[in-house]
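Then follow the stops below, one selection at a time.

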Amino acid sequence: MKQVLVPTLDDLRAEHVLVQAWKKTASYLRQHSWYADTLELDYQSLRLPQFIGELQERLQVPDSWEPSPLEFVPAPKSQTWLFDGGAWKPKSSAHNRIRPLAHVSLSDQVLATAMLLCLADRVEQTMGDPLLPVEQNKKRKEVLAYGHRLLCDSIEGNQRHRWGSSKLYRLFFRDYQTFLQRPEVVMEQLKSDSNGYEVTVVQSDLSKFYDRVRPALLYQKVQQFAAPEDVRFFALFQKVFAWGWKDKTRAQDYSRHNGIEGFESVALPQGLVASGFFANVAIHDVDLAIREYFDRPIDAKGNFVLKDACYYVDDFRLVLLTKPGAHELEIESAVIDWLQGLLNQHAGGLVVERSKTKAMVANRQERFLVQQSKAAKRIQRDVSGVFDMLHGSELIGAIEGFFHTQKRYPSQAGDDADGTTGFIVGI
């Protein structure tokens, strides 16, 4: 059995690779997807050798592979309700409060996960080690991404995914806590060395990120990780990661009401286990472009200097040195223009969510942005200890409050947080 997988058809078709892809996919769906077809999972687990054999047979002629149409799963988002005319009514139109989750066929799920396993080491290596200490400026520049990172070991400076393990992604809570803590750490360090500038933390978000990643964009980005001998693997990748909808009318209706072009063909359906990993691939060039701006102005006048940046899938946190007295709206506008420019250049079709871009200038006023990291630490400490039923009830309330506050902050501008993949993610 190989220790290191590479993106070739030989590795992809190997029985031990497909079996591990099955294990990771089935485990993830059972734990995180509330609408998974558990009956099919149970059935295929009873005939696993035949299921894997059928996949291998289909992969003998990779040019003939056709992904199965996606089942549209309309999942309502949380939203604000108003008491109007003697009755409770949602504040926004129902069309704008639906998340288009997708039920992906089990064969497509397992194959996509197997492709992830073959690409894991190459991709994770370029993204950096999420365990690097955020307190060190030099180390911060080596990693920006914390969302949907794979479980890896750092071996002689190289990231190696544990593809033989049943685990796929790293623990959500630990990485999200680091993501929240990082801007706070940087802000505190800069307060004593700002050279007359003010220190500002900006939160931003990409609008309907998964829905806007087209197959052509993902294929273009994933080819950066190809070697000359991998041509047939990536030709198959192009065919696999181009799903269409079974209910085309419903998909068109969602697309029309949300202004999303090309939604009839999607690369990262919200329901695909591998979507989180390949979401990082889709914006990897943006990641690299942001790194080039560290310690440089993001605007033409030099009023706003980027000191740090990190992101959790489509949720960005930036730390800037800003000219004294700059209004928050001016800072937000500069960040939106800069970030949208990077997206236009490196990830066409993706859009910054203006209503979710918020700036907090240090020492001006108390506003929620990065203090959630302290709450996260407190919850983590309590979860790790022993507690009785009463303490357990309080802990559950704290956890619910933590996530409710995280979702609620962006909605102050009129919308709710977005960016999940349709899974219920546990701690």
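**Stop one: the hairpin**

Select W81: its bridge partner in β3 is P90. This is a predicted model, in which local features need pLDDT of at least 70, side-chain atom pairs count only at pLDDT 80 or more, and totals for chains, interfaces and linings use all residues. Residues are numbered from 1 along each chain as its sequence is written, and side-chain values use heavy atoms, with hydrogens and water left out.

Now widen the selection to β2 (residues 81-84) and β3 (residues 87-90), which pair in the antiparallel sense over four bridges. Strands are DSSP runs of E, at least two residues, and helices are runs of H or I, at least four, numbered from the N terminus. Pairing takes at least two DSSP bridges between two strands. Two residues separate β2 and β3 in this hairpin. Click G85 in the turn: its phi is positive, about 65°.

**Stop two: the open sheet**

Select five strands, in the order β10-β11-β12-β7-β13. They form an open sheet with antiparallel pairing. At the edges, β10 (296-297) and β13 (358-361) each pair on one side only. Inspect β7 (residues 198-205) against β12 (residues 315-322): eight bridges, antiparallel. Here D205 stands opposite D315 in β12.

**Stop three: a loop serine**

Go to S33, in the loop between α2 (15-32) and α3 (38-46). Is S33 buried or exposed? S33 is buried, at 10% relative accessible area. Buried means under 20%, exposed over 50%, and partly exposed in between, with a 1.4 Å probe and protein chains only. Finally, show the S33 side chain, which reaches the backbone nitrogen of A36 at 3.4 Å.

Conventions: Polar contact = N/O pair within 3.5 Å; in protein donor to acceptor, adjacent residues only side chain to side chain.
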